[in-house]
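Please read the briefing below alongside the sequence and the structure.

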Amino acid sequence: MKNNKILLLTTLAILAIFAIASFTLKKEPKVAVTRIPQEQLVKFHSPSLGNANAKVTIVEFLDPECESCAAFYPTVKGLLSEYPDKVRFVVRYMLYHGNSKLAALATEAAGKQGKYWEMQAQLFHQTDWTHQEDPQTKKFEEIANGMGLDVKKFQEDMKDPGTIANIEADFQEGPTIGVKGTPTIFVNGRKLDELSYSSLKGLIEDELKAN
């Protein structure tokens, strides 16, 4: 009887060891999340919308003449409105098209009169200026005038050397942190792999829970 009891206890102990070992083997190892440091993504000159102390920062490398950027624009702005004070949006430039640089300068010039985001929205919605061979400076001036901006100041600010340098710096730095096209989006330094509402919302949710 005593031997049977010892045998039973030994068998149970062995089974417990196997169960623990099996659980340990099946447990998936933690995968390190790749992040780009915020100081590389957010520059002093980067246009920013939202709470500066938000838990989540979305950084988008965009091109005003990019059709995909224009198409994804409502998604980004929609998610910003879903998370007031919790998400900040930052713009960096990657300019690939013929009038991209002029469009970025137009947006920045409007920003000097407090209308950066309004100009961005206008350019994404008014696509008659895109993919034109001729410089669309006059078109941008017409849009600025329609927005009630001081057109003379707008023209001068579009030529600002500091703004031009900042835009070019974005273009040079982008490829060093994995930007290969537009739009490229980072959420707290994590690169968005799929341009979709669900993917971007999922990353935002993950970061809000983690922070």
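**Briefing**

Lys201 and Glu82 form a salt bridge, with 3.0 Å between the closest N and O atoms; the term covers a side-chain nitrogen of Lys or Arg within 4 Å of a carboxyl oxygen of Asp or Glu. The model is predicted: local features need pLDDT of at least 70, side-chain atom pairs count only at pLDDT 80 or more, and totals for chains, interfaces and linings use all residues. Residues are numbered from 1 along each chain as its sequence is written, and side-chain values use heavy atoms, with hydrogens and water left out.

**Salt bridges**

- Lys201 lies in helix α9 (residues 197-210) and Glu82 in helix α3 (residues 67-82), so the pair ties together parts that are 119 residues apart in sequence. Helices (H or I, at least four residues) and strands (E, at least two) are DSSP runs, numbered from the N terminus.
- Lys201 is partly exposed at 23% relative accessible area, and Glu82 is partly exposed at 38%; buried means under 20%, exposed over 50%, and partly exposed in between (1.4 Å probe, protein chains only).
- Searching the whole structure gives 10 salt bridges.
- Arg92 and Glu173 form one of them, at 2.9 Å between the closest N and O atoms. Arg92 is in strand β3 and Glu173 in helix α8, so this pair links parts 81 residues apart in sequence.
- Arg92 is buried at 0% relative accessibility, as is Glu173 at 17%.
- A salt-bridge network links Lys43, Arg92, Asp170 and Glu173.

**Sheet**

- An open sheet of 5 strands has the order β1-β3-β2-β4-β5, with mixed pairing; strands pair if DSSP finds at least two bridges between them.
- β1 (48-49) and β5 (190-191) are at the edges with a single partner strand each, so one side of each has no neighbour in the sheet.
- β4 (residues 184-187) pairs with β5 in the antiparallel sense over 2 bridges.

**Helix packing**

- The axes of α4 (residues 100-111) and α5 come within 7 Å and cross at roughly 150 degrees. Axes are lines fitted to C-alpha atoms, for helices over the stretch in contact, and angles run from 0 to 180 degrees between N-to-C directions.
- Residues in this contact (heavy atoms within 4.5 Å) include Ala103 and Ala106 of α4 and Met119 and Leu123 of α5.

**Cysteines**

- The whole structure has 0 disulfides, a disulfide being a pair of cysteine sulfur atoms within 2.5 Å.
- Cys66 is in no disulfide, and its nearest cysteine sulfur, that of Cys69, is 3.1 Å away.
- Cys66 is buried at 7% relative accessible area, and Cys69 is buried at 1%.
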